[in-house]
Amino acid sequence: MCGIVGYIGKRDVVPILLDGLRRLEYRGYDSSGISALNKKQITTIKTVGKVKNLQHEINDTISSDQLSEFTVGIAHTRWATHGAPTEVNAHPHLDDSGKFAVVHNGIIENYVAIREQLNQKGHRFLSETDSEVIAHLIAECFDGDLAQAVAAALSKVEGTFGVAVIAVAEPSKMVVSRRGSPIVIGVGGREMLVASDVSALISYTKNVIYLHDNDLAVVTCDGVDLRSINNVPVSREIAKIDWDISAAEKGGYEHFMLKEIFEQPESLANAIRGRMDESIGTAILSGLRFTPKEMIEISRVTLAACGTSMHAGMVAEYFFEDLANLPASVEQAAEFRYRNPIIEPNTLVVAISQSGETADTLAAVREAKQKGAVVTGLCNVVGATIARETGRGIYLHAGPEIGVASTKAFTSQVAVMLMMALKLGRSRRLSVEDGISLVHEINKIPELIRATLAHSEEIKSIAEKYASAENFFYIGRGYLYPVALEGALKLKEISYIHAEGYHAAELKHGPIALLEEAVPVVALANDIAGKEKIIGNMQECCARKSPVIAVATEGDDSIDNHANDVIRVPASSKFTTPITTAVALQLFSYYVANKRGCEIDQPRNLAKSVTVE
Ligand code: G6P
């Protein structure tokens, strides 16, 4: 959720740290800081706000001669949990002597107890954070060997961490470790980077080592010495990142979100490519590693996810029921392990997570495994913890999603789960012919998205017309009910407009009391089953003077008399309408937010990946 970056090597340390922080800014961004070490001391600079504030502060306080003396450095962008976003709460944190500096992602649950113990030993704390205790603990444990001190300190903490540490006593190394928060090491030629996310280091190297939980690495410019926190040697492969830095840049678009919306014909083509077997009308999803017997034995599908990924799961519920005749239900990942979910012997649990690092979804994976379920992961970020811990699953191949509001990951999740349902369906009631016709539909998705994006100018002018509204409702039915929830979420995330997604039939059980002229309703009225009913619901809204913005199928003018404005999407089957409709609603939110002058890629209070419960 926060971002970590570290560098040791032949180049100037600080510019690389700042570049990494800028690339991580989307993860958490209320404050930032760096600590860099020359042979004698650690220099630390922290500021509140964006990384550019930190850059200015560094320019004002450090001379270029000083800059060239640094041998190693660590840096952090923070998304506040314990303590307000202030300079003093920003990372890095140092011990009393200023000889150890630490950046930390995650939460130290027993920090109050540790703090009290250390207070009694004379340590003085400056911040309100949980993270500061790590620096003091390391100082307390240090006996000439930084790696041992870090290991000893981390063995005393409960909770989650990804940490990077530097110390005056050992100016040619960084020590990093993780439990629950990602750390990746970028391996270069006589230089090494560490980061919480590959996007911070991809412009320097594509060779990376993903740390596993409880790994500890001593990183020098020549190599990486890997062991566990308990000092048992471990070996991890060097993986190759298969995307380019340009994928993490705006490429001429005003915002990452807009770029990612427009990338969807390609991201969906990547999700589908090589995964369709037209000859027998099924999907090839080898990562699931199901034997035909295992496939047929699955008796229930449970989908665990958060946020937008949960909405994708809600669409997939319909897929699994309709295509594979399997009972399917979405669990809010945050509730999964606390409500004692019923896992039967042949329950398939699908953990859906763009980042593959969401704490609640990861906890659900662990709980489901514990209960003996078959657990698969649906992740976008390659090498992510959920992908690793499930060991079987499907990558989305959507490329890096930088905008905090998820767009292309959502549509790929829906498409991939449609393929999963097709595969499970073919192992039971779905005929070859029906399978083949669904393969054709899936293959058409990129083209359908292109046709949807072709309406962007019309969507923009409708969005701008309603951009000053302060409340919105989104309504849908059946396959489009979860899309209504997702449309409302997208709008509130980036425009800060209060928006609620409702099942169209539920509106009259309460929320209808809020309808009036100033409250527009977005009604998903595509030409699929349920359209007649939603027309009735639109009339209910019109009768309360709410302006109705309908999403409707191209060429279907039966909607026009019931709506003030109509957003068109291409004709497609019920299986693919959630994707086209979601894309139209992404554009709608984007243009509303842009008209309101919002910070679209980095909405206030949000983080791209939530690694705390
Ligand atoms: C955060 C993001 C959302 C995302 C959710 C789940 O809240 O802001 O956009 O949908 O986490 O993330 P995941 O990476 O697990 O899909």
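1. DSSP runs define the elements here: a helix is H or I with at least four residues, a strand is E with at least two, and numbering starts at the N terminus. On that basis, Pro 92 sits in the loop between strand 4 (72-78) and strand 5 (93-94). The peptide bond joining His 91 and Pro 92 is cis, with omega of about -5 degrees.

2. The model is predicted, so local features need pLDDT of at least 70 and side-chain atom pairs count only at pLDDT 80 or more, while totals for chains, interfaces and linings use all residues. Residues are numbered from 1 along each chain as its sequence is written, and side-chain values use heavy atoms, with hydrogens and water left out.

3. Next, the ligand. There are 14 residues around the ligand (a heavy atom within 4 Å). Ser 309, Ser 353, Gln 354, Ser 355 and Thr 358 come nearest. Helix 10 (residues 307-324) gives the most to the shell, with three residues.

4. Which polar atoms lie by the oxygen atoms of the ligand? In the side chain of Thr 358, an N or O atom is 2.5 Å from a ligand oxygen. A polar backbone atom of Ala 607 is 2.9 Å from an oxygen atom of the ligand. For Val 404, a backbone N or O atom lies 3.4 Å from a ligand oxygen. On its own the ligand has 390 Å² of accessible area (Shrake-Rupley, 1.4 Å probe), and the protein covers 89% of that.

5. Leaving out residues up to four places away in sequence, Thr 358 touches Cys 306, Ser 353, Ile 386 and Val 610 (heavy atoms within 4.5 Å).

6. Is Lys 50 buried or exposed? Lys 50 is buried, because its relative accessibility is 18%. The residue lies in the loop between strand 3 (42-48) and helix 2 (51-61). The side chain of Lys 50 reaches the side chain of Gln 602 in a polar contact of 2.5 Å. Beyond neighbours within four places in sequence, Lys 50 is in contact with Glu 25, Ser 32, Glu 599 and Gln 602.

7. Ile 296 is partly exposed, with a relative accessible area of 46%. Arg 428 is 132 residues away along the chain, yet the two C-alpha atoms are separated by 7.0 Å. Setting aside neighbours within four places in sequence, the contacts of Ile 296 are Ser 427 and Arg 428.

8. Thr 205 belongs to the loop between strand 10 and strand 11 (207-210). At 6% relative accessibility, Thr 205 is buried. A polar atom of its side chain is 3.0 Å from the backbone nitrogen of Asn 207. Val 187 is 18 residues from Thr 205 in sequence and 6.5 Å away, C-alpha to C-alpha. Not counting residues up to four places away, Thr 205 touches Gly 186, Val 187, Gly 188, Leu 193 and Ile 241.

9. Helix 5 (residues 132-141) is mostly covered, with eight of its ten residues buried. These are Glu 132, Val 133, Ile 134, Ala 135, His 136, Leu 137, Ile 138 and Ala 139. The cover includes strand 5, strand 6 (100-105), helix 4 (111-120), helix 6 (146-154) and strand 7 (161-167).

10. Last, backbone geometry. Most residues other than glycine have a negative phi, and most peptide bonds are trans. Arg 190 is not a glycine, but its phi is positive, about 55 degrees. Arg 190 lies in the loop between strand 9 (184-187) and strand 10 (191-195). Tyr 496, also not a glycine, has a positive phi of about 65 degrees. Tyr 496 is in the loop between helix 17 (481-495) and strand 23 (498-503). At 27% relative accessibility, Tyr 496 is partly exposed.

Methods: Buried means under 20% relative accessible area, exposed over 50%, partly exposed in between (1.4 Å probe, protein chains only). A polar contact is a pair of N or O atoms within 3.5 Å; within protein, one must be able to donate a hydrogen and the other to accept it, and residues adjacent in sequence count only if both atoms are side-chain atoms.
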